[in-house]
Amino acid sequence: MVIGENIKRLRQEKNLTQKELAKMIGVSVQAVSKWECGGSPDILLLPRIADLFEISIDQLFGRECTDHEHLDKRIFQVISAQQGQEERMKRAFQMLWTICKSLCEVAVDPALPFSESDDPFDLNCTRIEVALDTGFLYGLIQENQPWFFMMKDPPEGARTLLCDSQQLAAFYKILSDQAFLDLIIYFHKNRVNLLSLEYICRENQLSQERALKYIQQLMDMDWLEAEQVELSTGTTTIYRPRLATAFVAFLVLSSECLNKINFWCISNLERKRSHL
């Protein structure tokens, strides 16, 4: 029967043995083997099996899912049903990887897995790049540490999303000061919410004059705010970092620009428009 063939295929796609699947469903190994050899599960087990493989019962029987109207709701349910942040994030990236493969204009195996490499600087078959006239997609496709950058083209092109070149040049000039860049990275690594000037100087080996210069620059960028605190020794200024999630993405993508990719997992460059 089709259902037995589908159970076998879905089990193999999840890299499960018959014993592991049987334990997850609550049946014997012999039962799973019987299904895959032409038998059929008890009707009461169908919802459990479908939920395990995150598909509908219709799909379990080989019927094509056409209920795209409620697909977003189903995706929300699948991800939010995972236990804990780590499992939710893992499932979300599995879905993102599927979306990435589906956007390609070249033939891609839907079952193509994540790379098993754990080294983010492994430049062999661990990246995907897609450049279409409708947008861009780039990502690291390692199972334990994936990330994706996806952007739909604005009507007038990606350049409309950028500051003017003078502003960008000024920003890059500030970051070209390694001590300043190290200080920003320090703030993003440090879990202490309130920092004194003395603490900042000591931890980063900076003079007070230089530290105050950097602090003012960060406050001008709205990445740091100052608070007056009353202590037994008098009033002192405490600084609270305002962490910028976009800056973390900026650092990752900047590092990626320095990499020379040896072999792409997927490279689909169909774009005819200019990149900016």
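Helix α7 (84-103) supplies 10 residues to the lining of the largest pocket, the largest share of that lining. Here helices (H or I, at least four residues) and strands (E, at least two) are DSSP runs, numbered from the N terminus. The model is a predicted one, in which local features need pLDDT of at least 70 and side-chain atom pairs count only at pLDDT 80 or more, whereas totals for chains, interfaces and linings use all residues. Residues are numbered from 1 along each chain as its sequence is written, and side-chain values use heavy atoms, with hydrogens and water left out.

The largest pocket has a volume of about 2200 Å³, and of its 50 lining residues Glu 13, Phe 53, Glu 54, Arg 91 and Thr 98 lie nearest its centre. At least two residues of the lining come from each of α1 (2-13), α4 (46-53), α5 (57-60), α6 (71-80) and α7. By class this lining holds 19 nonpolar, 13 polar and 18 charged residues, where Ala, Val, Leu, Ile, Met, Phe, Trp, Tyr, Cys and Pro count as nonpolar, Asp, Glu, Lys and Arg as charged, and the others, Gly among them, as polar. On a 1 Å grid over the protein atoms alone, a pocket is an open set of points with protein on both sides within 12 Å along at least five of seven lines, a cavity is a set of points where a 1.4 Å probe fits but cannot get out, and lining residues have an atom within 4 Å of a point. Grid points are joined across faces, edges and corners, and a volume is the space filled by probe spheres set on the points.

The second largest pocket contains about 1500 Å³ of space, and among the 36 residues that line it, Phe 149, Leu 162, Ala 249, Phe 250 and Leu 253 are the closest to its centre. Two or more lining residues are given by each of β1, β2, β3, α8 (165-175) and α12 (245-257), with α12 contributing the largest share, 11 residues. The lining of this second pocket divides into 29 nonpolar, 5 polar and 2 charged residues.

The largest cavity holds about 40 Å³ and is lined by Ile 184, Phe 187, His 188, Leu 218, Trp 223, Pro 241, Arg 242 and Leu 243. Helix α9 (residues 178-189) gives the largest share of this lining, 3 residues.

Trp 223 also belongs to a cluster in which ring pairs link it with Phe 171, Tyr 172, Phe 247 and Phe 250. The structure holds 12 aromatic pairs, counted where rings of Phe, Tyr and Trp (its six-membered ring) have centres within 6.5 Å; planes under 30 degrees apart count as stacked, over 60 as edge-to-face and the rest as tilted. The rings of Tyr 138 and Trp 147 are stacked because their centres are 5.9 Å apart and their planes lie at 25°. Both Tyr 138 and Trp 147 are buried, a term for residues under 20% relative accessible area, with exposed meaning over 50% and partly exposed in between (1.4 Å probe, protein chains only). Phe 180 and Tyr 214 form a tilted pair, 5.2 Å centre to centre with 50° between the planes. This pair links distant parts of the chain, since Phe 180 sits in helix α9 and Tyr 214 in helix α11 (residues 208-220), 34 residues apart.

Gln 142, in the loop between β2 (135-140) and β3 (147-152), is buried, with a relative accessible area of 0%. Its side chain joins that of Gln 145 in a polar contact of 2.7 Å, a polar contact being a pair of N or O atoms within 3.5 Å; within protein, one must be able to donate a hydrogen and the other to accept it, and residues adjacent in sequence count only if both atoms are side-chain atoms.

In the loop between α7 and β1 (127-132) lies Leu 123, which is buried at a relative accessible area of 14%. Leaving aside residues up to four places away in sequence, Leu 123 touches Asn 259, Lys 260, Ile 261, Asn 262 and Phe 263, contact meaning heavy atoms within 4.5 Å. Cys 125 is placed in the loop between α7 and β1 and has a positive phi of about 60° although it is not a glycine.
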